[in-house]
Amino acid sequence: MKVMLIDDSKTMRNIQRSVLRQLGIEQIEEACDGQDALSKVGAFQPDLILVDWNMPNMDGLSFIKAFRKQDKSTPLIMVTTEAEKSRVIEAIKAGVNNYLVKPFTPDMLSQRINETIAKCSA
Amino acid sequence: MDAGYITPFVKSIQNVFSTMLQLPVTVLDPAIKQGNSPSHDVSGIIGMSGDVKGSVILSFKLDAAESIVALFCGERMDPDHADFADAIGELVNMVCGGAKAMFTDKKRVSISCPSVIVGKDHGVCLPSDVPCVLIPCSTDCGEFVIEVAIRENAAANKAAEQAAANA
Amino acid sequence: MNGVDAAGERISVTIERGGLSCTVIVRSGPESTLPTEADILAQLEVQHIHPSRILGGVVADLLARAAAEPGADQSEVVAQGQPAEHGRSAEFTLDPAIRAQLDAIQLRRDRLEEMPAGKLNAKTAGGQTSEQDAVDFRSQSAFVVVQKGDHIGQIVPGVEGTDGIDVRGHVIQAKKGRSMSVKLGESLRAEGSEVIAQTSGVLRYQIDRVEIDPVLEIRGDVDFETGNIDFPGCVNVSGGVKDHFVVRAGGTVTVHKLVEAAEFYTSSAVVLTQGMAGRGMGRLEIGGDLHTGYLDGVAGKVSGNLYVKREIKECRLCVERRVVCPDGTVYGGQLVSRQSVDIGVIGGPGGVETEVVVGRLAEIEPLADRISHLTHAVQVERERSEGELKALQERGKKLTSAQAERLTELQYSQVTCEDLVGRVGQAAAQLLNAAGSWTETKLIVRRAVYKGARIRLRNVVLEIRDMVQGPILLELDKAGSPHCHLRGASEPTPIGEIATIRDTGEDRDPIVRLRGISPHAA
């Protein structure tokens, strides 16, 4: 399984990476913003994408909108501090499959990843 | 500043630190900050815009920042390391994000990408027309403060009222 | 002192006011014998009047008046000295509020002495002595208690004084002001002229010394003499504590003699060297450990460990940590310990009802309830929205705009439910971790447990059918099931052999319930 992590914080990518490793996922690509992710996603072909909202150059929401134009099925989980209902709805409308509000524990992230994969492969 | 803007920060800091670091935070009595004197050695700064505008600073003593970053990243890091500032930035990002979600009246607020300053005796200049509330915090890793200098954006609120009236 | 000139015996010089004033009288007589100014000055010199003290022009005026009125005596002050200004000693004045407290204490003491002993001992409501003379001696403090930073008084600085000079030019010594005779103890600091308490404690004010004692020493009993005690630091009572008196303290309290039906509210440990005979009215709320010889008829809470040498009789006590009474007996009443109980004997041969509760998690129970209810509510909402969502999704692309809006709402509901389930599970795990460090759920009975004893290990309730010889070890395993080891046997004895299990408590055991909710519980 291949997972792409999109977050401008390296610390946050490291935390997510270690959770993915605990889940046995070793093929991980990182991107530091939406633009970076768009340039890598075609070559990497991820099975799951974790994406932050607030990032420089291109934010997560713009990335999702652009990505969903070309790929409607790859599961996307938004991992962000944006917790207001209006924001979550905005993200759902843009095409995210699941949503995790920071701060989170490793257990919460792994639970959300497992749920999303199970749901999308059903 | 409306006291209703302080409680979300208190709750958020406790939530972020207990969830991400398993570190309980004791919040002491908030006070109004006088002048632009530096609070501590490492500061993470985030700007807020929209219905509420201003800045929020999370300022740590150096040893506290080192211990907290070590807890967050799982390894001790030199303060000059780029990832050190990144970790502080992510903490202030989570604190502000969590706090703004708790603002009442469905305020529409955006937060900026964080900036981090590392160095003794640095000062952060805030707009003089916004009072800065200083919230001292204490943890087993050391002390830090949250400085909240935000206010409701009168222009934005007026526009919202106008829109409501027109509707 | 008088002098008369030789020429005409018409000049008289008088020195008055202790040498501060010199008056010349020119007596009446014929003009031919009128003295000259030189005669008067010569007479002043004879009297050793210092020229610098002689007032200018006054002698000439005097002679002019004498010439104008030859038939009358004329007098005039011709020289003056300068009186000495005496100094003032530095002094300490108490803060008016503290002064008022000290006065009130003195008044209380005077009234107490006037009060017939019988009246004082009468246990009237609120500790008042009588209706007509309603003075609540219990609630009035016999001490001035101050907090760190309090204003205690003021130093009024001394004045040194200025010497004077008499008409003969002799110095008149001024009395010098002395330094302050009251010594300030190290517990006080002077900020300019203000005196501030450096520590919290009881103010000791003597004629020559002011200080704050962080320990309140009571020589004798806590009774009408002392009133109720409310002290921020440690309290040491050489006597006992009488009926209905209240002791509140921030530090350790030690009482060397008997405590009667009194009340204790403390933030730290309490040591009752003899014990407490509460007679059903004693009350304890101890912030630390409690060490005592015995407890009888006492109710309350101990936040630390409870150490008892002999007996816990007819008490209702909740101990946050361990109960350590290996040589003693718990007899009647209810003893609750959050952690473990190590006791000599439970109950007695007469079959007195005695309840010992170990590992009770009273604070966790409502939290576990809330977590259970929340989990259930979220699951219900999740299933409901999932069903509706599936139905909408199966319609394919033929959704109206309202249905599309509803679809988004349902997706939001799903995301929120999943988030809540994760967070609630996390809360359950945290609570379990905390609970693990609070409770051991272990009961050791060294000598015997008698019929009538009721033992509760968390939510498992056991009733002892017949006397069982110790040592007995009763504990719960991780699954919440009780185990019994009799007389050091390595193999467990079935609980049913010694007790009737009244309630297995499984469905209500908060630990077991939280384990069911938290997916990551150990």
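Hi everyone. Let me start with a definition: I'll call something a salt bridge when a side-chain nitrogen of Lys or Arg sits within 4 Å of a carboxyl oxygen of Asp or Glu. Keep in mind throughout that this is a predicted model.

With that in hand, here is a pair to look at on the screen. Asp83(B) and Lys10(A) form a salt bridge, and their closest N and O atoms are 3.2 Å apart. Why does this pair join two chains? Asp83(B) belongs to helix α3 of chain B while Lys10(A) belongs to helix α1 of chain A, so the link runs from one chain to the other. Searching the whole structure, over all chains, turns up 40 salt bridges.

Let's stay where chains A and B meet. How many salt bridges does the rule find across the interface of chain B and chain A? The count there is five. One pairing of side chains between these two chains is Glu84(A) with Lys100(B), a salt bridge at 3.0 Å from N to O. If we count polar contacts instead, there are ten residue pairs between chain B and chain A, with both residues at pLDDT 80 or more.

Which parts of chain B do the touching? On the side of chain B that touches chain A, at least two residues come from each of α1 (6-21), α2 (62-73), α3 (82-101) and β5 (109-111) of chain B. Helix α3(B) gives the largest share of that side, ten residues. By residue type, the side of chain B that touches chain A splits into ten nonpolar, six polar and five charged residues.

Now for the area. The size of an interface is often quoted as the accessible area lost when the parts come together. Here, chain B and chain A bury about 1700 Å² between them, and 51% of that is on carbon and sulfur atoms. Three residues, Asp86(B), Glu90(B) and Arg108(B), supply 25% of the area that chain B buries against chain A, more than any other three residues. As for who takes part, the contact draws 21 residues from chain B and 21 residues from chain A.

Let's turn to chain A by itself. It has an open sheet of five strands with parallel pairing, in the order β2-β1-β3-β4-β5. At the edges are β2 (27-31) and β5 (98-101) of chain A, each pairing on one side only. From one strand to the next, the twist averages 20°. If you zoom in on β1 (residues 2-6) of chain A, you'll see it run parallel to β2(A), with five bridges joining the two. Within that pair, Ile6(A) stands opposite Ala31(A) of β2(A).

Two helices lie across these strands. Helix α1 (residues 10-22) of chain A lies across β1, β2, β3 (48-51) and β4 (76-80) of chain A, and runs at about 170° to β2(A). Helix α3 (residues 60-70) of chain A lies across β1, β3 and β4 of chain A, at about 175° to β4(A).

Which residues does Arg17(A) contact, leaving aside its neighbours within four places in sequence? They are Leu5(A), Ile28(A) and Glu30(A). Arg17(A) and Glu29(A) are twelve residues apart along the chain, and their C-alpha atoms are separated by 9.4 Å.

Last stop, chain C. Here we have an open sheet of three strands, ordered β1-β2-β3, with antiparallel pairing. Its edge strands are β1 (11-16) and β3 (74-80) of chain C, each pairing on one side only. The twist averages 25° from one strand to the next. Strand β2 (residues 21-26) of chain C is joined to β3(C) by six bridges, running antiparallel, and the bridge partner of Val26(C) in β3(C) is Gln74(C).

This sheet has helices across it too. Helix α1 (residues 37-46) of chain C lies across β1, β2 and β3 of chain C, at about 40° to β1(C). Helix α2 (residues 58-68) of chain C lies across β2 and β3 of chain C, at about 175° to β3(C).

Further along chain C there is a hairpin to find. Strands β12 (residues 188-191) and β13 (residues 194-197) of chain C pair in the antiparallel sense over four bridges, and Leu188(C) stands opposite Ala197(C) in β13(C). Two residues lie between the strands of this hairpin, where Gly192(C) takes a positive phi near 70°.

How values were computed. Residues numbered from 1 in each chain as written. Chains lettered and ligands numbered in written order. Heavy atoms only, no water. Pairing = 2+ DSSP bridges. Axes fitted to C-alpha atoms, helices over the stretch in contact; angles between N-to-C directions. Contact = heavy atoms within 4.5 Å. Buried area = accessible area lost by both parts, 1.4 Å probe. Polar contact = N/O pair within 3.5 Å; in protein donor to acceptor, adjacent residues only side chain to side chain. Nonpolar A, V, L, I, M, F, W, Y, C, P; charged D, E, K, R; others polar.
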